[in-house]
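Dear colleague,

Please find below the structure that I am handing over to you. My notes on it come after the sequence and coordinates.

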Amino acid sequence: MLNVPSQSFPAAGSQQRVAPTGQSRNKVALQPGHSLLDWIRLTKSGRDLTGLRGRLIEVTEDELKKHNTRNDCWTCIRVVINMCHVSLMHTPSTQTEKTESAHMNGLSVPPPSRQEPLSSPLPAKDHRPRYDWFQTDGTVNIIVYTKRKIPSAGCAVVDLQGDTLRVEMLLGRMSYLLYWRLSSEVQGRVDVQTAHSVGKVQVCLHKSVKDKWTKVGQPLEHHDTFIQCKDRELSYRECMLVSKSDVTHDTQVLCLQLPPGSNMQVPVGRHVYLKTSLQGTDVVKPYTPVDQSLIPPSQSSAEMGSDLNLMIKIYSDGLLTSHLASLPIGSSLSVGGPEGSFSMQILHDVTHLYMLAAGTGFTPMARLIRLALQDLTSIRKTKLMFFNRQERDILWCSQLDELCTKEERFEVQYVLSEPTDSWKGRRGRIDACMLQNFLERPEKAKCLVCVCGPTRFTELTVQLVRQLDFSEEETHIFQG
């Protein structure tokens, strides 16, 4: 004999029920002549329903609030959706009803999961990073779940200074910060491990005494906050100059070693600040870190986050650079950051990457070249046009030439304004004709043009690029 359950099915609170007992569901009728098939045909038609030509952008709450009119309306239901063609047929009382009652030109709009988002999720509660921690007899481990893939260059900046621990995650234009006064004494070193594909970072502290902790520590100001990077106050740490190497007659690479309690993974396109006291005044200047070479070994200390390599042009009349040139090995320098507006999101689906650099404006391009060739398979062509005065001024010339022979996707063109008679390459200064031949736009290509150099060079270059019909979204300017 079958044992038939006495409870009703579906259960009273189940979503399988059309409506709670004794109530009717509010339904919204479609306009005459329309059905769900009309919406399906529209989504398959190839029309750009986002209004962003396939780009995925980051949207803050402030940006979302700007789009609040009938002809320019965005909403956020897990992701941001362009609702400019959507009219609400009645005023729903719940978020679910808002989704169910939305109709596009009289067509029923399916749930958000079936619509194409125009942005990455807002930094809302369910999208913001979170952390957890555990301990062993000898260690305390903090795990940060960023909820997104982490680029190969990393995103963690960790500083253990005395009894305080500061952990910052640089996630595009957003910054997630953890900040404690620790519960007990720890050793002076810190280990950082990153699981790039799953977006997890683990910070390991080593206990001085093998006791049991009840918590990581006392939260300090701005602990567990998720805000835009530009609104985050810079943090400095003291680094030691461990080596200098000549690149050209007037340019050096300075290798700075971070203290044992610090680990700095500088995202591609970001810069740091060097600060020192000269003649009783603090002097601060931005510099973009580079790798040890364009074709580095499989793993280097810079990748581990313990060293910083800065390519610096020495000016005889420069207050800071002349000081750096005479600075003995073992000296201390204060390093702040990282900082910068470049986000990996701008490279999404790019097929052709163009770089226009003058002088030490090459430094942000150096790591971008390596990233494009090693990590971004969507980029079919990477081209650099490099402007200098004389041949002896070209930074990493031999490495650039070697990379051209090894990588068919990479091309470099040198342009000299004061060449010798023996120079066989391009001559002159940047102009529209030069760029028109360089900046190709193949059919169905998605292009990005990156510019860096002295102010006058940058302003003229951007103006010329715009004249060639490259939009603001297709151009990035590196500024220190």
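Predicted model: local features only at pLDDT ≥ 70, side-chain atom pairs only at ≥ 80, totals over all residues.

Sheet and helices

Six strands form an open sheet with parallel pairing, in the order 29-28-27-26-30-31. Its edges are strand 29 (426–427) and strand 31 (475–477), each of which pairs on one side only. Within the sheet, strand 26 (residues 352–358) runs parallel to strand 30 (residues 447–452), and 6 bridges join the two. In this pairing, Y354 stands opposite V449 of strand 30.

Two helices that lie across these strands deserve attention. Helix 6 (residues 363–374) lies across strand 26, strand 27 (381–388), strand 28 (410–416) and strand 30, and runs at about 160 degrees to strand 26. Helix 9 (residues 455–467) lies across strand 26, strand 27, strand 30 and strand 31, at about 160 degrees to strand 30.

The nonpolar core

The largest nonpolar core comprises 38 residues, of which L353, F362, L368, I369, L384, F386 and L400 touch the most other members. Two or more residues come from each of strand 26, helix 6, strand 27, helix 7, strand 28 and strand 30. The greatest contribution is that of helix 6, with 7 residues.

Helix 7 (residues 397–406) has Q399, L400 and L403 as buried residues. These three lie on the same side of helix 7, because they cover an arc of only 100 degrees around the axis. The buried residues of helix 7 pack against helix 6, strand 27 and strand 28. On the face turned away from that buried side, helix 7 carries the exposed residues S398 and T405.

A buried aspartate

Is D291 buried or exposed? Its relative accessibility is 12%, below the 20% limit, and D291 therefore counts as buried. D291 is located in the loop between strand 23 (289–290) and helix 4 (301–304). Its side chain makes a polar contact of 2.9 Å with the side chain of R370. Beyond the neighbours within four places in sequence, D291 is in contact with N309, R367, R370 and W396.

A loop beside the sheet strands

T420 belongs to the loop between strand 28 and strand 29. With a relative accessibility of 47%, T420 counts as partly exposed. The side chains of T420 and S422 make a polar contact (3.1 Å). T420 and Q390 are 30 residues apart in sequence, and their C-alpha atoms are 7.6 Å apart in space.

Backbone geometry

The peptide bond from G337 to P338 is cis, with omega near 5 degrees; P338 is found in strand 25 (residues 332–339).

K147, which is not a glycine, has a positive phi of about 65 degrees. This lysine lies in the loop between strand 10 (139–145) and strand 11 (156–161), and at 42% relative accessibility K147 counts as partly exposed.

K444 likewise has a positive phi, near 65 degrees, in a residue other than glycine. K444 is placed in the loop between helix 8 (432–438) and strand 30. Its relative accessibility is 79%, so K444 counts as exposed.

Yours sincerely

Technical notes. Residues numbered from 1 in each chain as written. Heavy atoms only, no water. Pairing = 2+ DSSP bridges. Helix = DSSP H or I, 4+ residues; strand = E, 2+ residues; numbered from the N terminus. Contact = heavy atoms within 4.5 Å. Axes fitted to C-alpha atoms, helices over the stretch in contact; angles between N-to-C directions. Buried < 20%, exposed > 50% of the residue type's maximum accessible area, 1.4 Å probe, protein only. Polar contact = N/O pair within 3.5 Å; in protein donor to acceptor, adjacent residues only side chain to side chain. Arc of directions from axis to C-beta. Core = buried A, V, L, I, M, F, W, Y, C linked by side-chain atoms within 4.5 Å.
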